[in-house]
Amino acid sequence: MASGPTFNRVLSIQSHVVHGYAGNKSAVFPLQVLGFEVDQINSVQFSNHTGYKNGFKGQVLNETQLAEVYSGLVDNELHKLYTHLLTGYVGNPAFLREIANILKSLRAANSKLIYVCDPVMGDDGVMYVPKELLPIYRDEIVPLADIITPNQYEVELLTGKQIKTENDVWEAVQWFHEKGVGTVAISSSELGSKDTLLAFVSYRSASGTERYRLAIPKQGNNLVRFTGTGDLFASLFLAHSTLTNFDMGTTLERAIATLQAVITKTLSYIPEEVLQGKVAVTSQQRELKIIQSKTDIEQPKIALRSEKL
């Protein structure tokens with residue numbers, strides 16, 4: 001067996017849905033299309049995402065089972081192959097702590113391994129994981145991350161401060177840098193106009209800190225809320241930061257270009273009466289059209305430019 005990584009291989013630990021796109025279902029295909037090998041461990045296996053009106057069914061992996069699966073990789077020295085760890089939705093504290101153990105093992109095998117953490121905890125002011133996860137993310141997981149991709153609400157949870165201005169954003173970003181995180185990518189914030197969102201990236205290297213901002217037009221007349229977009233963004237950011245050799249302006253542009261293209265494609269499948277607000281959108285109609293967007297994943301068309309600050 002080779003003594004170390006020969007190409008990009010990601011271990012992705014996050015949720016899985018049988019139908020639709022969230023967690024690993026949102027993240028794995030785009031990474032593969034962009035040339036990354038991806039091995040996935042599913043933190044949960046649900047029939048569908050939790051937003052469906054008749055609920056969901058399935059299983060939740062516990063920390064003992066996670067450790068057992070990972071030990072099989074170690075037994076066969078497969079853990080030495082990984083260049084990246086990507087984590088998303090986690091439902092219990094002990095499982096999250098086991099991820100920290102796995103990361104330490106992976107870094108012992110490859111000191112250059114990059115950890116991309118999407119601290120999935122909530123959105124729009126609503127926390128949808130147990131509150132016990134917050135201090136673990138804040139005090140134990142965040143300091144281990146190389147790249148972190150929270151939304152605005154998750155930034156507020158982790159830093160304990162509300163974000164009302166762009167200055168608040170950069171103060172929050174500095175909090176992450178002081179914890180040891182090299183790259184902070186805030187995938188969305190409500191600091192733009194009523195028709196736009198703002199994304200921010202801060203990249204700290206030995207030569208200094210680079211900051212970028214990008215305005216994102218809202219789509220869907222604010223009538224359609226999508227599930228899985230944060231998971232998709234995290235995977236695209238991982239891929240393009242690697243493919244561009246950490247050119248963060250280009251990375252942000254490419255990730256947002258693909259994300260916007262997927263949303264546009266998804267909206268094109270939704271009936272007009274839904275988009276006009278005459279009929280309520282269903283959870284099934286809101287499922288991202290990721291497969292249909294393969295070309296936009298492979299070759300993102302850059303329409304929105306990032307601004308270096």
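Phe 246 has a relative accessibility of 23% and therefore counts as partly exposed, since the partly exposed class lies between the buried limit of under 20% and the exposed limit of over 50%. This briefing concerns a predicted model.

**Strand 10 and its neighbours**

- Strand 10 spans residues 196-205 and is mostly covered, with seven of its ten residues buried.
- Strand 9 (residues 183-186) runs antiparallel to strand 10, and four bridges join the two.
- Within this pairing, Val 184 is found opposite Ser 202 of strand 10.
- Strand 11 (residues 208-217) also pairs with strand 10 in the antiparallel sense, here over ten bridges.
- Arg 204 stands opposite Thr 209 of strand 11, and a hairpin of two residues connects strand 10 to strand 11.

**Aromatic pairs involving strand 10**

- The structure contains five aromatic pairs; one of them joins Trp 170 and Phe 200 in an edge-to-face arrangement, with 5.5 Å centre to centre and 85° between the planes.
- Because Trp 170 lies in helix 6 (residues 166-179) and Phe 200 in strand 10, this pair ties together parts that are 30 residues apart in sequence.
- Both partners are buried: Trp 170 has a relative accessibility of 9%, and Phe 200 has a relative accessible area of 0%.
- Tyr 203 and Phe 246 form a stacked pair, at 5.8 Å centre to centre and with 20° between the planes.
- Tyr 203 counts as buried at 17% relative accessibility, whereas Phe 246 counts as partly exposed at 23%.

**Helix 7**

- Helix 7 covers residues 229-243, and its 15 residues reach 21 Å from the first C-alpha to the last, close to the 21 Å expected at 1.5 Å a residue.
- Helix 7 is mostly covered, as eleven of its 15 residues are buried.
- The buried residues of helix 7 include Asp 231, Phe 233, Phe 237, His 240 and Ser 241.
- Also buried in helix 7 are, among others, Leu 232, Leu 236 and Leu 238.
- After helix 7 comes Asn 245, which has a positive phi near 55°.

**Lysine-ring contacts**

- Lys 25 lies over the face of Tyr 21, at 5.2 Å from the ring centre.
- Lys 289 places its charged end over the ring of Tyr 269, 5.2 Å from the centre of that ring.

**The largest pocket**

- The volume of the largest pocket is about 1,400 Å³.
- Its lining comprises 48 residues, of which Asp 123, Phe 226, Thr 227, Thr 229 and Gly 230 lie nearest the centre of the pocket.
- Strand 1 (9-17), strand 2 (37-46), helix 5 (152-159), strand 11, helix 7 and helix 8 each supply at least two residues of this lining.
- Strand 11, a contributor to the lining of the largest pocket, is thus also the strand that pairs with strand 10 over ten bridges.

Notes. Residues are numbered from 1 along each chain as its sequence is written. This is a predicted model: local features need pLDDT of at least 70, side-chain atom pairs count only at pLDDT 80 or more; totals for chains, interfaces and linings use all residues. Side-chain values use heavy atoms; hydrogens and water are left out. The expected span of a helix is 1.5 Å times one less than its number of residues. Buried means under 20% relative accessible area, exposed over 50%, partly exposed in between (1.4 Å probe, protein chains only). Rings of Phe, Tyr and Trp (its six-membered ring) pair if their centres lie within 6.5 Å; planes under 30 degrees apart count as stacked, over 60 as edge-to-face and the rest as tilted. A charge sits over a ring if NZ of Lys or CZ of Arg is within 6 Å of the ring centre and within 35 degrees of the ring normal. On a 1 Å grid over the protein atoms alone, a cavity is a set of points where a 1.4 Å probe fits but cannot get out, and a pocket is an open set with protein on both sides within 12 Å along at least five of seven lines; lining residues have an atom within 4 Å of a point. Grid points are joined across faces, edges and corners, and a volume is the space filled by probe spheres set on the points.
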